[in-house]
Amino acid sequence: MPAPEQRRIIFKHIDEPGYTNDIDCYVRNGGYEVLKKAIQRKPEELIDEVKKSGLRGRGGAGFPCGVKWSLVDRKSGKPIYLVVNADESEPGTFKDRYIIHQDPHQMIEGIMITCFANNVKQAYIYIRGEFPEGARILEKAIAEARAKNFVGPNILGSAYGCEIYVHRGAGAYICGEETGLIESLEGKRAYPRIKPPYFPAVLGLYQCPTIVNNVETLCHVKYIAEFGGAEFAKIGTPNNTGTRILCVSGHVQKPGYYEYEVGKITLGQLLNEVCGGPLPGRKFKAVIPGGSSAKILKVGERYKGKRKVGNDMVDYDWGIEDVPMDFDSLAMIGSMGGSGGVIVMDDSVNMVDALANINAFYAHESCGQCTPCREGSLWMKKITTRMVHGDARSEDGALLKNVADQIAGRTICAFGEACSWPTQSFIAKFGDEFKAYPQTKQEAKHGGLELV
Amino acid sequence: MTQPAKPDLVTVNVDGREISVPKGTNMIEAARLAGVDVPHYCYHPKLTIVGNCRMCLVEMGMPAVDPATKAPVMDPATGKQKINWIPRPTIACATNASPGLHIRTTTPMVKDCREGVMEFLLINHPLDCPICDQAGECRLQEQSLGYGRGYSRFIEQKNVKPKRTQLGPRVTLDDERCILCSRCIRFSKEIAKDDVLGFIDRGSYSTLTCYPGKELSNNYSLNTVDICPVGALTSTDFRFKMRVWFLKQTNSIDTESSVGANTVVWSREGIIYRITPRRNDEVNDTWLADSGRVLYKQVRTENRLTAVKVDGQPSSFDIAINAAVQLLKGGDVAVVGSGRSSVEEQFITKKIADSLKAPAYLVARVGEGDKLLISADRNPNVRGALVTGLINALPEAKLSALGRAIDAGQIKTLLVLNEDLTTAGLTTEQLAKVAIVYVGTHADGTSDAARVILPAHTVFEKNGTFINQQFRLQKFHAAVPGLAGTFNDLSVLRKF
């Protein structure tokens, strides 16, 4: 089956010749028309549209956006904040930065609609520290929007007003975790908070109810406000609505970002047709489908079980190439859609080296607050680094898996899973390679990659 | 006094045992009430909860109810309400008791969680136990023995961190031993209101440190040493002095002020090595001021009185008592009692004053209160003097009335109990006009002027009671025997 056409909603103007990131260009292309109509409507209507749309968060967890909004404590009398999570740090993910760099007003319009719908008077864009250019662009874009009365007090002559502030991170992966982000925004170390009791919807920024949404999610909100939740729900597949930006990196002919309806394209179509297949003379070996913390998929393995199609349960028997790129299917086969970062590895990759690299990243980024992740991530890094650059032992694989098992599910935030899933899945699927690694090194005089 | 309202009780189930606990009790405390130990490091009953050590992971369940009808779901096997167990472990410190809460602490999952956390805490922990001051009272040692695997799988290099950082004048930090529980940070911020501690760096390289240019020098800094579950924070005074398992613990009371903080005095073979707080939620929670921890040093100082003297000459106890009795019988006596004497001593002092028909005075000692554990009244037992009738009103700042009486020739003899009159408003000229019988612990202007000196015991060498500012009667016990040449105050006073 040939791959479907891309459906560019969010990336409509990305890389379009002549399209610039200033407000005039955006308005020329119909920008802020949706906001003008949205503020004529009742906020509850907009929330209902988002609920109807079935939009799921694009930051990684895939939590339904409408549900997130409905959990917000609106009776406390405290202000409600919107925090835009633009701390795009998951290795393999590079979608939000293109929205910010090339089409920032799309996001700002989405923010203002979201704020209006949720009666938010102050929104914060928490942007990754390594995006200085993005921060400058956003500051400029917000100033432009303010000058045209799309942002600020009494927007477009209405009684409603909302300010947007840009806050730059200082370079920490953990700031992408929403409660860590909130702590950082409050000026503290980005230690994720314990939940319960600190659910952002109730006790978020400054202990006030807070909505934390990803950049791409908010762009989708703009689209939903324009065409309605029902229309949006027709895009993609049931429970996996809308489009999704897939960021493909690694050993393919044409890496890059591609926007498809969720679940309409399979991993095989994406890699072989859209991305042009493996490099000459190579074969695909493994794919991480949703950012580096997603569990790895091995080429050649089969996934079997029952899945819901419409109202029926049907059997499925997939190879890796048959897996539709949606939240539910990827979860079903034991991985996740995550942040949409598809990392491809071919047969030139030794999995021990690859894991050593991933472990180095997570050990560097663990915030250090809670014991299992703090100590476990560094231990795993020390083991894999030793395997690559020192003495590898055949029993190291089993030890690695056991260390990872002691982390997942026992930490304050999801970083525990993020740092242990790669190890768990690498060992589960490529355990032989770990066992044979001492031998491999001896035979091939294998040098090993320099670690970050 | 009104009785506090009975707290709402809720019934929880800990390892199969039902127990009623006050609503809002967290799972660690609820388990404690049920006699079940839930190991933990970062949790401290007097500090906010952060849930970072992950040692207190337990299995938690709630009674099952039908989501639609809210009717209980029964388990046919047991005939009881079914329990929905959460598949992931839960931290016991951050979860409060609610009706029907079930906790399991003995399951394989909980055991595995504890073993895992113990292993993680130890992989980068130095093997300092043989020279570590915390050894013997170290949570890491205790819980490693109780809940650890007992062997190590770690063959990598351990992290290296600073070994002896002076955080302040009294606290030394060994960062390698630190398990990053943040108790000290929370204490400084929440209790001492001196937010100077924090972590720098990230992950396993996180390092406890002081804010640049500041130091941990507040008068409560040593509490961080008490609550440090490991040997990271040590008292510079106590460091490397003595193994704690050799020390005898004696309950005592802090004499710094009328707060009467409860303490433990740690001694060995008649020598005191340290003083630490003893938990009393009604008085001092689990805290004690640094200034109260060095008071033991008064026991062995250069100016300690250890010789009975009459008219400046060494004498025997009996001769000195006789000399004192003769002086007191001469009439025109005034008694200067002390707010640092025990209730028992004040009681006898009052009897003596009555029998001599002598007016009694008390020396006031007033400073600035710190709104925590040091009150403005720096005597531990002014309330005792009021209760025993030694005085009828709060003492005046200075003994000026006594001074006027001496100047007027109305007073010829003074019985002084461990108070230096020269710092209490009397001049040496005035002291020269009277005969002084001095029962006290240390040499001072008054003992210099005294006709009879009877060396007495410090609070660490005797038993007794104090009445604190809340009119709470609190006992203290002799931690060490009296220094050679000194006498128990009561046995002296009984002779008069």
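This is a predicted model: local features need pLDDT of at least 70, side-chain atom pairs count only at pLDDT 80 or more; totals for chains, interfaces and linings use all residues.
Local features are given only at pLDDT of at least 70 and side-chain atom pairs only at pLDDT 80 or more, whereas totals for chains, interfaces and linings use all residues. Residues are numbered from 1 along each chain as its sequence is written, and chains are lettered from A and ligands numbered from 1 in the order in which they are written.

**View 1. The contact between chain A and chain B.** Chain A contributes 26 residues to the contact and chain B contributes 24 residues; two residues are in contact if their C-beta atoms, placed from the backbone, lie within 7 Å. On the side of chain B that touches chain A, helix α2 (residues 108–123) of chain B gives the most, with six residues. Helices (H or I, at least four residues) and strands (E, at least two) are DSSP runs, numbered from the N terminus. By class, this side of chain B comprises twelve nonpolar, seven polar and five charged residues. Here Ala, Val, Leu, Ile, Met, Phe, Trp, Tyr, Cys and Pro count as nonpolar, Asp, Glu, Lys and Arg as charged, and the others, Gly among them, as polar.

**View 2. The largest nonpolar core and the surroundings of A:Val83.** The largest nonpolar core has 202 residues, and A:Val83, A:Val84 and A:Met112 have the most contacts inside it. A nonpolar core is a set of buried Ala, Val, Leu, Ile, Met, Phe, Trp, Tyr and Cys residues joined through C-beta atoms within 7 Å. A residue is buried if 20 or more other C-beta atoms lie within 10 Å of its own, exposed if 12 or fewer, and partly exposed in between, with C-beta atoms placed from the backbone. Helix α14 (residues 351–365) of chain A gives the most to this core, with ten residues. Leaving aside residues up to four places away in sequence, A:Val83 touches A:Tyr124, A:Tyr126, A:Leu181, A:Ile182, A:Leu185, A:Leu205, A:Thr210 and A:Val212. A second, separate core of 50 residues includes B:Ala358, B:Ala385, B:Leu402 and B:Val416.

**View 3. Helix α8 of chain A and its covering elements.** Helix α8 (residues 178–185) of chain A is mostly covered, with eight of its eight residues buried. Among these buried residues are A:Glu178 and A:Glu183, together with A:Leu181, A:Ile182 and A:Leu185. The cover of the buried residues includes β1 (81–86), β2 (122–127), β3 (163–168), α9 (200–203) and β4 (210–214) of chain A. Just after α8(A), A:Gly187 takes a positive phi of about 95°.

View 4. The axes of helix α6 (residues 104–117) and helix α10 (residues 215–227) of chain A come within 8 Å and cross at roughly 70°. Axes are lines fitted to C-alpha atoms, for helices over the stretch in contact, and angles run from 0 to 180 degrees between N-to-C directions. Between α3(A) and α6(A), the packing angle is about 115° and the axes are 8 Å apart. A:Pro43, A:Leu46 and A:Ile47 of α3(A) make this contact with A:Ile113, A:Phe116 and A:Ala117 of α6(A). The contact has six nonpolar, no polar and no charged residues.

**View 5. Strand β19 of chain B between two parallel partners.** Five of the five residues of strand β19 (residues 413–417) of chain B are buried, so the strand is largely enclosed by the rest of the structure. B:Thr413, B:Leu415 and B:Leu417 lie on one side and B:Leu414 and B:Val416 on the other, and both faces are covered. Strand β17 (residues 333–337) of chain B runs parallel to β19(B) and is joined to it by four bridges; two strands pair if DSSP finds at least two bridges between them. B:Val336 stands opposite B:Val416 in β19(B). Strand β20 (residues 435–440) of chain B also runs parallel to β19(B), with five bridges joining the two. In β20(B), B:Ile436 is the bridge partner of B:Leu414.
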